[in-house]
Amino acid sequence: MLDALEASDLSGALLQIAALTKSSRCNEGVTETATDHVMSIDPRRMYWLSGSSTEPLGGRVEALARETIVDVLESRLREDIFTGRHPAGSYLPPERTLADGYGVTRTTLKHAFGRLMQAGLLETRHGVGTRVRDYLRLGGADLLPMLVRHSPDWIGEVFEVRRHIGVLIAERAAVRATDRQRAELRTLLTAVGEAADADAVQLADIEVHRALARATGNRVYVLLTNTLFNAYLPVRAALRRPFEDPSLAHGRLEPVVDAVAAGDGPGARRAAEQYLTATERIMLEGLA
């Protein structure tokens with residue numbers, strides 16, 4: 001059972017991050033690669049479709065070696081939705097028209113639609129058509145990586161939620177962590193200082209935060225932590241500045257682990273706030 005304080009704090013965190021959903025992306029058996037099949041898409045027939053009008057896209061479709069043709073089409077449709085070319089509440093053109101415009105088969109289009117429906121961006125009404133959902137009202141946190149990839153402006157909002165949830169996790173971990181979990185945190189913190197490069201330091205740092213979330217004994221905090229890390233995964237390479245020096249990264253995080261290990265809830269909260277604020281500032285400066 002959650003105590004009153006935790007229930008209040010967690011409720012606020014959940015309201016900030018919206019309904020946490022975990023959607024699965026299915027390939028539906030599609031295995032063709034873009035390099036194998038991209039030539040089947042006629043660049044002259046690639047259109048951005050809006051309503052009944054068609055607008056030539058121009059240029060050619062680049063072959064993406066590790067993506068299927070469904071991946072490419074899904075990405076283009078998703079961008080159309082996020083840019084407002086297909087606004088919330090609107091219906092997409094008929095499948096045959098849309099497939100012809102993109103130069104793909106209706107089967108490929110249906111696979112892409114399936115993914116976007118799983119992501120909460122589309123809904124199909126039998127006998128009516130495929131409608132664009134209002135993702136800001138109805139979508140879940142699983143959309144965040146897509147939105148960050150579409151527009152880095154989202155990263156500031158992700159960081160705001162990261163701060164609020166991070167301090168709650170640290171405080172709760174200090175109260176609830178077992179001796180084994182405290183020892184694990186010490187081991188993971190050591191790995192931060194011993195990591196070989198910025199990428200390894202960043203990944204080691206993430207593991208400390210995952211361990212802090214586990215130490216709360218609350219699985220929702222674990223899932224929220226995963227969601228936030230996944231949200232900025234598309235721009236992770238641009239957020240490495242706080243992790244370029246392993247000893248500095250270790251030093252920033254050490255007060256958090258020390259407070260948790262000491263069972264000092266208020267101290268862990270303060271240390272986490274200082275850590276999260278400092279690393280956020282450095283990362284945003286790197287993005288500027």
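The model is a predicted one. Its chain contains 13 helices and four strands, and buried residues account for 46% of the 288 residues. Of the contacts in the chain with a separation of 6 or more, 73% are between residues 24 or more positions apart.

Helix 8 (residues 154–176) packs with helix 11 (residues 219–231) at an angle of about 150°, and their axes are 11 Å apart. Because angles over 145 degrees count as roughly antiparallel, helix 8 is roughly antiparallel to helix 11. The crossing in which helix 8 passes helix 11 is left-handed. The residues through which the two helices meet are set out in the table.

| Helix | Residues in the contact |
|---|---|
| Helix 8 | Val158, Val161, Arg162, Ile165, Leu168, Ile169, Arg172 |
| Helix 11 | Tyr221, Leu224, Thr225, Leu228, Ala231 |

Sorted by class, this contact of helix 8 with helix 11 comprises nine nonpolar residues, one polar residue and two charged residues.

Turning to the rings, a search of the whole structure finds one aromatic pair. This pair is formed by Phe82 and Tyr135, whose rings are edge-to-face, with 5.2 Å from centre to centre and 70° between the planes. Phe82 belongs to helix 3 (residues 69–82) and Tyr135 to helix 6 (residues 135–138), so the pair ties together parts that are 53 residues apart in sequence. Phe82 and Tyr135 are both buried.

Technical notes
Residues are numbered from 1 along each chain as its sequence is written. This is a predicted model: local features need pLDDT of at least 70, side-chain atom pairs count only at pLDDT 80 or more; totals for chains, interfaces and linings use all residues. Side-chain values use heavy atoms; hydrogens and water are left out. Axes are lines fitted to C-alpha atoms, for helices over the stretch in contact, and angles run from 0 to 180 degrees between N-to-C directions. Angles under 35 degrees count as roughly parallel, over 145 as roughly antiparallel, 65 to 115 as roughly perpendicular and the rest as oblique. A crossing is left-handed if the near helix is turned anticlockwise from the far one by less than a right angle, and right-handed if clockwise. Contact means heavy atoms within 4.5 Å. Ala, Val, Leu, Ile, Met, Phe, Trp, Tyr, Cys and Pro count as nonpolar, Asp, Glu, Lys and Arg as charged, and the others, Gly among them, as polar. Rings of Phe, Tyr and Trp (its six-membered ring) pair if their centres lie within 6.5 Å; planes under 30 degrees apart count as stacked, over 60 as edge-to-face and the rest as tilted. Buried means under 20% relative accessible area, exposed over 50%, partly exposed in between (1.4 Å probe, protein chains only).
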